[in-house]
Amino acid sequence: MIYKYSIISIITMIIVGVTTSMAYFFYHPQNTIPAPTVELADAIMENVSALIMDKQGKPSMKIVSPKMIHFALHDTTQLIEPELTLYRKSPKPWYIKAKYARATEGIDNINFSENVTLHHAADQNNPVTLIKTATLTVQPNKQIALTNDLITLIQPGLTVKSTGMHADMNTGDIKLLSSARGEYVPST
């Protein structure tokens, strides 16, 4: 009889041990993956009109936007309906407008998107120029604008479509990168 109770006790302990180990492995809390950090704005500005001066005290850039949101984590700024004016050596500045923009590294790179237009009034070296594209990266300190998207360049009597562009806004030189097709209509 003692032998019978010993076997029942051993079987019961095995069942309890297996059940406990199964419960531990199946219901053991999983390593949780931390939720992605949501970048919170540290500053929101409305009706912004900022004039940035160079070291000599001359205007180098003007930014106008109904709303700007700055994020300290990566030093980025989102701009709604931005209007950027880039002053250069020529008396006529470049004007850049878009639906949205994102400035990174302070204002070293500004990425414009949706309905982007660049406009330059005629001066002694360059005709009036209008460029339309979907996206554009502007490096204000280097006076460079570039895109890999389709552009439409319009000058008096000339319309050119191209994929990609690199513009030196200081000199007014515009390099079309590929698939450039133009239509020239001489003035009468």
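Is Lys99 buried, exposed or partly exposed? I looked it up: Lys99 has a relative accessible area of 36%, so it is partly exposed. My cut-offs are under 20% relative accessible area for buried, over 50% for exposed, and partly exposed in between (1.4 Å probe, protein chains only).

**Ground rules.** I'm working on a predicted model, where local features need pLDDT of at least 70, side-chain atom pairs count only at pLDDT 80 or more, and totals for chains, interfaces and linings use all residues. Residues are numbered from 1 along each chain as its sequence is written, and side-chain values use heavy atoms, with hydrogens and water left out.

**Overall layout.** I found one helix and 11 strands in the protein chain. For these I used DSSP runs numbered from the N terminus: helices are H or I with at least four residues, strands are E with at least two. Along the sequence, the pattern reads α-β-β-β-β-β-β-β-β-β-β-β. Of the 188 residues, 28% are buried. The accessible surface is about 12,600 Å², and carbon and sulfur atoms hold 60% of it. That area comes from the Shrake-Rupley method with a 1.4 Å probe; for residues, only the protein chains shown count as cover.

**Salt bridges.** Side chains of opposite charge can pair when their charged atoms come close. I counted a salt bridge when a side-chain nitrogen of Lys or Arg is within 4 Å of a carboxyl oxygen of Asp or Glu. That rule gave me two salt bridges.

One joins Arg88 and Asp123, at 2.7 Å from N to O. Arg88 sits in the loop between β4 and β5 (94-97) and Asp123 in the loop between β7 and β8 (129-139), so the pair ties together parts 35 residues apart in sequence. Arg88 counts as buried because its relative accessibility is 11%. Asp123, at 15%, counts as buried too.

My Lys99 is in the other bridge, meeting Glu114 at 3.9 Å, N to O. This pair links distant parts of the chain, with Glu114 in strand β7 and Lys99 in the loop between β5 and β6 (100-104), 15 residues apart. Glu114 is partly exposed at 39% relative accessibility.

**Ser113.** What does Ser113 touch, leaving out residues up to four places away in sequence? I got Ala98, Lys99, Tyr100, Ala134 and Thr135, where a contact means heavy atoms within 4.5 Å. Ser113 is in strand β7 and is partly exposed, with a relative accessible area of 25%.

**Holes.** I searched a 1 Å grid over the protein atoms alone: a cavity is a set of points where a 1.4 Å probe fits but cannot get out, while a pocket is an open set with protein on both sides within 12 Å along at least five of seven lines; lining residues have an atom within 4 Å of a point. Points are joined across faces, edges and corners, and volume is the space filled by probe spheres set on them.

The largest pocket holds about 260 Å³. Among its 14 lining residues, Asp54, Ser60, Tyr87, Arg88 and Gln143 are closest to the centre. I noticed that β2 gives the largest share of the pocket lining, three residues.

The largest cavity has a volume of about 40 Å³. Its lining includes Ile63, Leu79 and Phe112. Strands β2 (59-71), β4 (83-86) and β7 (109-120) each supply at least two residues of that lining.
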